[in-house]
Structures are given as C-alpha cells and as structure tokens.
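Hi there,

Here is the structure I promised to pass on. My notes on its aromatic side chains follow below.

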Amino acid sequence: MGSSINSFNTRSTLTVDGKTYQYYAINGGDLSAHDSVVRLPVCSKILLENLLRHEDGISCTREDIEELVASGGCASDQEIAYHPTRVLMQDFTGVPAVVDLAAMRNALVQRGVDPRKINPLTPVDLVIDHSVSIDKFGTDSAFEQNVAMEMQRNLERYQFLKWGQGAFDDFRVVPPGTGICHQVNLEYLAQVVWQQNTADIPIACPDTLVGTDSAVFQGSCRIHLRGDL
C-alpha cells in the first residue's frame, strides 16, 4: 500500500505502550467540520477510513471521499474503492485461485521473468473445511479417523496448497480438522485492529475482509501482480 495523499489532513499518530502508530481519524482534519460524519453508520465509517487511507488521486480521489460523506453512506451511485485488509477463502474457491497464480508464475518462467513477481496483493487465508466428509461417528476416535481419511483422499490437493503457502507471499493455509472457516476466522484470524508495516511509522487500521465462502460471505477476490513485469 502506498502513502495516502491525505488531502483532508486526517492522518494522526497514537502512542500505545511506548510504540507510535499512524491512523486516519475520520473526524479529524478538514472532516472535523462535517457534522454528517458522526451520523454515518458504523460500516460507512469503516469505509470512510478505508478511503482516507488509500487516497491516491487515481483509484480513490478526494471527490470519492466527499461523496461518501455527503451521501450519509447510502443512496449514492458513486463507486467505492474499497481495499480489504485481508481475504478469506475456503478450499473449493481457494484451490482454483492458487492454480491461477501457479499458472501465471509458469508463464513468467517461459518469458524469462522472475516468477516471484506473482503474489497476492492482499493477505489471504485459505481454510480447508468444505471437502471434509464424515465417515466415522459416535466413537472417541472418530475425529482422528475422519481427518486421516481426509488427508488420504485429498493428498495431492493438500500437497499443492502446502507448496503454495511456501511459494507465495501473504498466503496462509489452515489445515483440515481445524474447524469451519467462520469459526476459524472468528477464533484465530480476526483482529479488531491490524498493523500495516508499509511506512516509517506503522499504520493501525480496522480489520475488514472479503470472503469467498458460499454460505455466508458473498464476495470476490482480485489477485493482482506485484511489481512491473
């Protein structure tokens, strides 16, 4: 993430336990004069912070931010250049994405370009839960038996995902037998505040995600190229 233009002068600093962080105050700087900011729904406040943090004058402009504030977070046709903090995937949607990344790396090798240029732009967690089958039940050893059969049935897939975790930056795999993706997300992955180490002073920002699980999350994951090819 590049540095924000910060045209509203909302970038502030906060010191916690002797460590200093940057953050973007939605009611600070030039926005302090807008009474409508305090009346925004919580989700719109989070989107406003997201726009302030990613204002680059191209994908996110001052006008985009002004429109969100003026509309009160609703009844607007303005596109919102939202950047999630992270992406959450399950195995059925995640495996094809990793295959695509691997194919792009292979294409770069054929062109004589460093394949390590291909990486997720946003940190990705892939939770293996949708391929789990229940064959054994009602015994103390049922869980261990089901996980063992799961590993045997999908060995090639899991070997591929393990390779991906080691090959790509910002890509983690949660193994089978850990729990469903919603449970894993809430208990292990989610944080109230994330730290982005992309500046001299780390940036503190809210935890937001795009999920690709069919049951709860309806979203899409855009994988970008890092660096010029």
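**Aromatic rings**

Phe-168 counts as buried because its relative accessibility is 4% (buried means under 20% relative accessible area, exposed over 50%, partly exposed in between, with a 1.4 Å probe and protein chains only).

Before the rest, the ground rules. This is a predicted model, in which local features need pLDDT of at least 70 and side-chain atom pairs count only at pLDDT 80 or more, while totals for chains, interfaces and linings use all residues. Residues are numbered from 1 along each chain as its sequence is written, and side-chain values use heavy atoms, with hydrogens and water left out.

Rings of Phe, Tyr and Trp (its six-membered ring) pair if their centres lie within 6.5 Å; planes under 30 degrees apart are stacked, over 60 edge-to-face, and the rest tilted. That rule gives two aromatic pairs. Phe-160 and Trp-163 are stacked, at 5.8 Å centre to centre with 20° between the planes. Both sit in helix α5 (residues 155-167), three residues apart, about one turn of the helix (helices are DSSP runs of H or I, at least four residues, numbered from the N terminus). Trp-163 also pairs edge-to-face with Phe-168, at 5.5 Å centre to centre and 80° between the planes. Together, Phe-160, Trp-163 and Phe-168 make one aromatic cluster.

Phe-160 is partly exposed because its relative accessibility is 22%, and Trp-163 is partly exposed because its value is 40%.

Best wishes

Methods: Helix = DSSP H or I, 4+ residues; strand = E, 2+ residues; numbered from the N terminus.
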